[in-house]
Amino acid sequence: MFIVKNRKIFYTFSIILIAVSVFSILFWGLKPSIDFVGGSLLDVSFLPAQAGVGNKPNAEEVSQVLNKLNFKDASIRSSGEGFIIRTKEITQDQKDSIMQSLSLGGKYSPTEKTFSTVGPILGKEALQKSLLSIFLVLLAIVLFIAFAFRKVSRPVSSWIYGIVTVLALLHDVIVPTGVFAILGHFYGFEVDTLFVTALLVILGFSVHDTIVVFDRIRENLSQGDTLGKFSKVSPSEKFETIVGESINETFVRSINTSLTVLLAVLVLYIFGPETIKNFTLALLIGIFIGTYSSIFIGSTLLVTINNWKNRG
């Protein structure tokens with residue numbers, strides 16, 4: 001009952017998170033990768049070409065090389081043993097010229113790891129499909145929850161379960177998106193199609209946690225009516241108690257499940273390849289926030305909505 005009784009504290013915390021995230025998204029925005037805006041991406045690693053020389057040049061040296069080649073708008077991000085360079089769409093000859101210049105007269109030995117180019121039309125299409133996929137997932141979740149809880153009409157209808165689930169999921173999407181807006185503004189983090197994939201994984205994982213709690217609420221509502229367990233309390237007090245007991249009964253399971261996944265993703269983030277760092281980071285943030293919202297926000301919103309309805 002602690003979570004339900006103190007739900008305003010958790011609401012306040014979530015409102016702060018969402019406010020900071022929305023501010024970051026609106027004022028700084030996300031930094032799209034070439035997947036969405038088109039361009040070329042060159043991942044370069046370095047090996048020392050001379051004794052006593054460091055493994056790679058610094059970012060300023062790389063920037064000077066690109067400026068001399070008239071790629072002044074290129075973005076540079078360190079990637080361990082090399083750099084990830086994003087530019088406008090370039091040809092094979094231009095890419096070869098960059099690789100040759102990055103040797104700095106034989107001082108370093110640049111090696112091309114990956115090189116990819118996406119046209120602006122394909123980038124725009126990827127963005128549209130990404131947004132559409134998120135919308136369709138949210139719509140499907142509402143319909144599924146409403147159908148799964150269609151026999152639960154008291155004290156709140158099945159549609160309320162669906163709407164509350166979507167509100168919690170929006171919370172779970174907005175917060176990691178806001179974090180990436182902050183990381184993009186200060187550290188140059190980009191969002192790509194893998195980031196959208198991470199958001200879809202977060203939605204699926206989060207709705208799973210939410211349904212576990214909701215299903216326990218449904219079972220306890222049915223048992224409470226059958227046993228007459230709450231016959232001497234008001235409907236609002238009955239529902240609040242049932243929700244509190246349901247959260248307590250599923251709390252350990254939700255935490256253990258999420259912790260297992262978080263540990264696996266954390267290992268992947270630490271030891272995985274550079275190309276999936278942003279993907280795994282988004283998963284770490286999203287799964288953590290999704291677990292929090294399933295326990296502390298989604299179920300308690302049912303109590304708040306029921307109380308508002310009774311006051312009316």
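This is a predicted model: local features need pLDDT of at least 70, side-chain atom pairs count only at pLDDT 80 or more; totals for chains, interfaces and linings use all residues.
**Entry 1**

Searching the whole structure for aromatic pairs, I found 11 of them. In one of these, the ring centres of Phe 23 and Trp 28 lie 5.8 Å apart and the planes meet at 75°, so I noted the pair as edge-to-face. I wrote down both values because a pair of aromatic rings is described by the distance of the centres and the angle of the planes.

**Entry 1: a pair between two strands**

Next I looked up Phe 46 and Tyr 108, an aromatic pair that is edge-to-face, with 6.1 Å from centre to centre and 80° between the planes. Which parts of the chain does this pair tie together? I found Phe 46 in strand β1 (residues 39-48) and Tyr 108 in strand β4 (residues 108-118), so the pair ties together parts that are 62 residues apart in sequence.

Are the two residues buried or exposed? Phe 46 has a relative accessibility of 3% and counts as buried, and Tyr 108, at 6%, counts as buried too; the cut-off I applied for buried is under 20%.

I also noted one aromatic cluster, which is formed by Phe 10, Phe 13, Tyr 292 and Phe 296.

**Entry 2: charges over rings**

The charged end of Lys 95 is placed over the ring of Phe 115, at 5.5 Å from the ring centre, while the charged end of Lys 277 is placed over the ring of Tyr 269, at 5.0 Å from its centre.

Lys 95 itself is buried, with a relative accessible area of 5%. Asp 96, at 36% relative accessibility, counts as partly exposed.

**Entry 3: salt bridges**

How many salt bridges does a search of the whole structure find? I recorded eight. As a reminder to myself, side chains of opposite charge can pair when their charged atoms come close.

One of the eight joins Lys 107 to Glu 61, with 3.9 Å between the closest N and O atoms. Lys 107 belongs to the loop between α5 (92-101) and β4, and Glu 61 to helix α4 (residues 59-68), so this pair ties together parts that are 46 residues apart in sequence. Lys 107 counts as partly exposed at 30% relative accessibility.

I compared this with Arg 216 and Glu 219, whose salt bridge has its closest N and O atoms 3.5 Å apart. Both residues lie in helix α8 (residues 193-227), three residues apart, which is about one turn of the helix. Arg 216 counts as partly exposed at 26% relative accessibility, and Glu 219 is partly exposed with a relative accessible area of 36%.

Last, I looked at strand β3 (residues 82-87), where six of the six residues are buried, so the strand is largely enclosed by the rest of the structure. Strand β2 (residues 75-78) pairs with β3 in the antiparallel sense over four bridges, and I found Ser 78 opposite Phe 83 in β3. The hairpin has three residues between its strands, and in it Gly 80 takes a positive phi near 80°.

Methods:
Residues are numbered from 1 along each chain as its sequence is written. Side-chain values use heavy atoms; hydrogens and water are left out. Rings of Phe, Tyr and Trp (its six-membered ring) pair if their centres lie within 6.5 Å; planes under 30 degrees apart count as stacked, over 60 as edge-to-face and the rest as tilted. Buried means under 20% relative accessible area, exposed over 50%, partly exposed in between (1.4 Å probe, protein chains only). A charge sits over a ring if NZ of Lys or CZ of Arg is within 6 Å of the ring centre and within 35 degrees of the ring normal. A salt bridge is a side-chain nitrogen of Lys or Arg within 4 Å of a carboxyl oxygen of Asp or Glu. Two strands pair if DSSP finds at least two bridges between them.
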